[in-house]
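Good morning, and thank you for coming.

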Amino acid sequence: MRGDAGPGGNTPRIRAQAFATAEHDGLVFVRMEGSGHGFTPPPPQQDIASATRADDITIRASLADMAENILDTTHTSVVHAGYLRQANRRQLVQPGVRCGADWIEVVYPESATPSGLVSRLFGTECYEITDRFRAPGIAEVEYRRNGRIEFASRFYLSPASENETRIFSRLSIRGTSLLSQLKVSIVRAMLRRVVSEDEDILGW
């Protein structure tokens, strides 16, 4: 910080409040409160090199509404029919729920595998899908096949205002081939469209 010199050429002292910070996934996390637990980064989603894309978007929706929307698999066949699931192929599934001290997740069986554009991108295999929320504002979606993650997405949610949320997302597809790079780019473009449709409803 810079201050103009006062009488006699003395520069006045300027005090700036210090905040605890941490860097992870290319982002800087700031703890606004003076006390509390330090930042614990979430574990990596992929165990090998992957094709990755990052994105940054602000939408008209509260953080709570946006987190619920990202993790609400059941609405995709209605609101986003064709992208993830077909409206005429809805079915009942029995998910499992697990939780920890600061996270909760829902695991959907392979019968819940998407039937829309995503299924054509990822192939005809069946996937176990995990939707997870980590306090205070991280949403994650993972697609597993034979126990290993094939596609992973992580959304860092930050309140921009009372009714706006800034979303920093990271999408990754297993492998670094040109095909994997193309797939993850298509998924990012598709999710941008999906988020736009959600904003039309949540930001109403």
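Predicted model: local features only at pLDDT ≥ 70, side-chain atom pairs only at ≥ 80, totals over all residues.

Which residues of α1 are buried? They are M66, A67, N69, I70 and L71, where buried means under 20% relative accessible area, exposed over 50%, and partly exposed in between, with a 1.4 Å probe and protein chains only. These buried residues pack against β3, β6, β7, β8, β9 and α4.

Residues are numbered from 1 along each chain as its sequence is written, and side-chain values use heavy atoms, with hydrogens and water left out.

Let me turn to the overall architecture. The chain has four helices and nine strands; helices (H or I, at least four residues) and strands (E, at least two) are DSSP runs, numbered from the N terminus. Their order from the N terminus is β-β-β-α-α-β-β-α-β-β-β-β-α. Of the 204 residues in the chain, 37% are buried. Contact here means heavy atoms within 4.5 Å. Among contacts in the chain with a separation of 6 or more, 53% are between residues 24 or more positions apart.

Next, the sheet. Seven strands form an open, antiparallel sheet in the order β3-β9-β8-β7-β6-β5-β4; two strands pair if DSSP finds at least two bridges between them. β3 and β4 (96-99) are the edge strands, each pairing on one side only. From one strand to the next, the twist averages 15°. Angles run from 0 to 180 degrees between N-to-C directions, and axes are lines fitted to C-alpha atoms, for helices over the stretch in contact.

The loop between β6 and β7 contains A135, which is partly exposed at a relative accessible area of 43%. A135 and W103 are 32 residues apart in sequence, yet their C-alpha atoms are 6.1 Å apart in space.

α1 lies across β3, β6, β7, β8 and β9, and runs at about 165° to β8. α4 also packs on the sheet, touching β3, β8 and β9, and its direction makes about 20° with that of β3.

What, then, makes up the largest nonpolar core? A nonpolar core is a set of buried Ala, Val, Leu, Ile, Met, Phe, Trp, Tyr and Cys residues joined through side-chain atoms within 4.5 Å. The largest has 26 residues, and I70, F122, Y143, F151, F155 and V187 touch the most other members. Elements giving two or more residues to this core include α1 (63-71), α3 (117-122), β8 (148-161) and α4 (178-202). Leaving aside neighbours within four places in sequence, V187 is in contact with L121, F122, F151 and L171. A second, separate core has five residues, including L27, I138, Y156 and F168. In soluble globular proteins, nonpolar side chains tend to be buried together.

Thank you for your attention.
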